[in-house]
Amino acid sequence: MKKSRHQKIIELVKKQHIETQEDLADLLNHEGYRVTQATVSRDIKELKLSKVAGNDGTQYYQIIEHKESKTEQDKFVRVLNEGLISMDDAGNLLVIRTMSGMANAVAAALDHFQFEKIVGTLAGDDTIMCAMKNTEDVGIVMQRIHEMIGR
């Protein structure tokens, strides 16, 4: 139901200017979705809708699609390259040593790249633990990181 409602919200927002949460709730109710303003508020937040100014000065909801630029991607690669000192295999864990104070930044860069093999990361001051589902995944991720940073 929620997925269907979200699709309907996207459809409505693309078709017309919707100025308030109440307007959106009314439209959804008219379409057969029984929603409250609180539900619509959560949906707006989950869908990351933003209000934009129209030519007539009114504000309405719109989907703002953020495409990552090559420059943003390069910044995360640079953080990896500058902060990473070494990587070691420890069973299903990848242990990454970084420059002092860089572990959180390097872990954030790893999280940004959303490696499907990494289940989670935990960062200290100069060490990161990356948990994988199995031992084979550790080598795959290590190889991918080496490729990204050119080492």
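1. Helices α1 and α3 pack with their axes 11 Å apart, at an angle of about 75°. Axes are lines fitted to C-alpha atoms, for helices over the stretch in contact, and angles run from 0 to 180 degrees between N-to-C directions. α1 is therefore roughly perpendicular to α3 (65 to 115 degrees counts as such). From α1 the contact uses Lys2, Arg5, His6, Ile9 and Ile10; from α3, Thr39, Asp43, Glu46 and Leu47. Contact means heavy atoms within 4.5 Å. By class, the α1–α3 contact has 4 charged, 3 nonpolar and 2 polar residues. Here Asp, Glu, Lys and Arg count as charged, Ala, Val, Leu, Ile, Met, Phe, Trp, Tyr, Cys and Pro as nonpolar, and the others, Gly among them, as polar.

2. A word on the source: this is a predicted model, where local features need pLDDT of at least 70 and side-chain atom pairs count only at pLDDT 80 or more, while totals for chains, interfaces and linings use all residues. Residues are numbered from 1 along each chain as its sequence is written, and side-chain values use heavy atoms, with hydrogens and water left out.

3. α1 spans residues 2–15. Its 14 residues reach 20 Å from first C-alpha to last, close to the 20 Å expected at 1.5 Å a residue. The expected span is 1.5 Å times one less than the number of residues. Helices (H or I, at least four residues) and strands (E, at least two) are DSSP runs, numbered from the N terminus.

4. Arg5, His6, Lys8, Ile9, Leu12 and Val13 of α1 are buried. They fall within an arc of 160° seen down the axis, so they line one face of the helix. The arc is that of the directions from the helix axis to the C-beta atoms. Lys3, Lys14 and Lys15 are exposed on the other side. Buried means under 20% relative accessible area, exposed over 50% (1.4 Å probe, protein chains only). The cover over the buried residues of α1 includes α2, α3, β1 and β2.

5. In α2, the buried residues are Gln21, Leu24, Ala25 and Leu28. Their arc is only 100° around the axis, which puts them on the same side of α2. Asp26 and His30 are exposed on the face turned away. Cover for the buried side includes α1, α3 and β2.

6. Check three phi values. Gly32, which follows α2, has a positive phi near 100°. Lys48, not a glycine, has a positive phi of about 55° and is found in the loop between α3 and β1. Gln114, also not a glycine, has a positive phi of about 50° and lies in the loop between α5 and β5. Most residues other than glycine have a negative phi.

How values were computed
Parallel < 35°, antiparallel > 145°, perpendicular 65-115°, else oblique.
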